[in-house]
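Welcome, and thanks for opening your viewer. Let's take a short walk through this model, one selection at a time.

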Amino acid sequence: MRIEGVAAAAGYAEGPLFELDRPQGTYTGKATAAEERTSLETAIDKAVNRLVAMVGTADSDAAGILEFHIAMLEDDALSGPAFASIASGKAADAAWRQALGAEIAGYEASDQDYFRARATDLRDIRDQVLRALTEDDQRAAPAGAILYGADIAPTRFLQTDWSHGGGIALKAGSTASHVAMLARSRGVPMVVGLGEPFTGAAGMALLDAEHGNIVVAPSLPEIGAFRQAASAFAARQGKARTFLARPAATRAGTAVRVQVNIADPGDVDAIDIATCDGVGLMRTEFLFGKTLPDEETQYRGYRKVLEWAGGKPVTIRTVDAGGDKPVPGFTVEEGNPFLGLRGVRLSLARPDIFRVQIRALLRAAPHGNLKVMFPMIATSEEYERAAALFAEEQAALAARGIAQRMPPLGIMVEVPSVAIAPEAFAGVAFLSIGSNDLTQYVMAAARDNAAVAHLNSVRHPAVLRLIGAVAAFGRENAIPVSLCGDAGGDPASIPSLLEAGLRDLSVAPAQLAMAKAAISDVPV
Ligand code: PEP
Ligand code: MG
């Protein structure tokens, strides 16, 4: 039986299926409400202590997620309703399940992918405490197993030993979840969205997380074809790694600059600067996670990346909150957030917050080769207003004798108005094509909606024609043009992008090797 889903972390895994959603142990009720309360308090403490122990051995991504879980468990707002129902006579396990159930339902009902993805974290937190209450330690999956179920908790992922292979096959799940991010960074094959027909499957399975499917109880010919595809994938990866240390060039010897996209200053710890041409996009909205970061926090983060890059360019994008990236206390509730107050529009509407980021950037600039770009620019007036704020803040810092430098200011090309009429932007220092948004706006197909994913293709002639026109405009006006959307790291899209005239791509660090290898095959 072959079931189609969506690839969330590329790779191949062959092994026994292991069901994630096995039932929890049962809880023995206590005699009094006070004892029930103590039971729940002890279980929460136990869960927190286990997480703290895991933080000690985790890398920075994993530690961030674990610390988020610890903060949630220590937040009285989460446990308060459970303690209230214990006081009115409920058993600790039922009270906890009900309180967390209400919270999870709230996240699941969100129309924003980011919040729906956080429901997985809450289910994980719920189950950690239930496990501590029942002390029913989950049976470990056999080495190399394919874990399958509705969804997988981040801590479950981190507790699993992936050194013998294995993979993840989910009925639901999201490519935007924390687990998907971890699976991609650790090379654990993962497929999501396999749907209900998957229920009750058992035995051996073949997980193809390059194309996004699973074969349960495979036939001999299916096993043969799978192993061929898996070894071809491994060979491509091995060959790609040999490209990492070299500058990228096409088959004809045309040089292509390949930079990386990062979202957190800590990301650079895992990247060897010698393997890339700098940072083509540092997204800053993830720094604006739960609280708005102050100037000093931002300055330190930007400076760290600039110093890591040495003299290589680092393009930091001003905050692109809104759309699928809500920031509490900053973004607004909107019916159609992708077409709303997002990116530079929001920054210009909230200059109090924007000026803090501008000062941090101006102060960080002397520590490296900084460039700054604005997201979601639709008109030249927006660029000019943002640039004027930079000039004002620079003058104010200079008047106070604070070290600073004005970086070159460029724009993202991700709104069709800019790609169609770029001549209004002849004064910007550089252009960076955001193919993720440009594609969704040209095709009128939301980037986070699986139902219209078939329309969301950068290789549609309409999108490629616009990219080609922007590249030509840049050449004619001596304005550097790069592309920092996900298409830049997609081996299937790279030939079309280079044929459209691009010579400068910025890709996810995990895609760097494959992107350089794909470039070397392009004839231009
Ligand atoms: C893009 O739209 O292509 C882009 C790089 O920006 P983001 O994905 O952060 O919207
Ligand atoms: Mg964008």
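Start by selecting Arg-342 and ligand 1: a polar side-chain atom of Arg-342 sits 3.3 Å from an oxygen atom of the ligand. Keep in mind as you look around that this is a predicted model.

Then bring in Arg-447, which has a polar side-chain atom 2.7 Å from an oxygen of ligand 1. Now show the surface: of the 290 Å² of accessible area that ligand 1 has on its own, the protein covers 99%.

For the second stop, select helix H8 (residues 220-241) and helix H17 (residues 512-520), whose axes are 8 Å apart at an angle of about 85 degrees. The two helices, H8 and H17, are therefore roughly perpendicular to each other.

Which residues of H8 and H17 meet? On the H8 side, show Phe-233, Arg-236, Gln-237, Ala-240 and Arg-241; on the H17 side, show Ala-513, Met-514 and Ala-517. Colour them by class and this contact has five nonpolar, one polar and two charged residues.

Definitions and conventions:
Residues are numbered from 1 along each chain as its sequence is written. Chains are lettered from A and ligands numbered from 1 in the order in which they are written. This is a predicted model: local features need pLDDT of at least 70, side-chain atom pairs count only at pLDDT 80 or more; totals for chains, interfaces and linings use all residues. Side-chain values use heavy atoms; hydrogens and water are left out. Axes are lines fitted to C-alpha atoms, for helices over the stretch in contact, and angles run from 0 to 180 degrees between N-to-C directions. Helices (H or I, at least four residues) and strands (E, at least two) are DSSP runs, numbered from the N terminus. Angles under 35 degrees count as roughly parallel, over 145 as roughly antiparallel, 65 to 115 as roughly perpendicular and the rest as oblique. Contact means heavy atoms within 4.5 Å. Ala, Val, Leu, Ile, Met, Phe, Trp, Tyr, Cys and Pro count as nonpolar, Asp, Glu, Lys and Arg as charged, and the others, Gly among them, as polar. A polar contact is a pair of N or O atoms within 3.5 Å; within protein, one must be able to donate a hydrogen and the other to accept it, and residues adjacent in sequence count only if both atoms are side-chain atoms. Accessible areas come from the Shrake-Rupley method with a 1.4 Å probe; for residues, only the protein chains shown count as cover.
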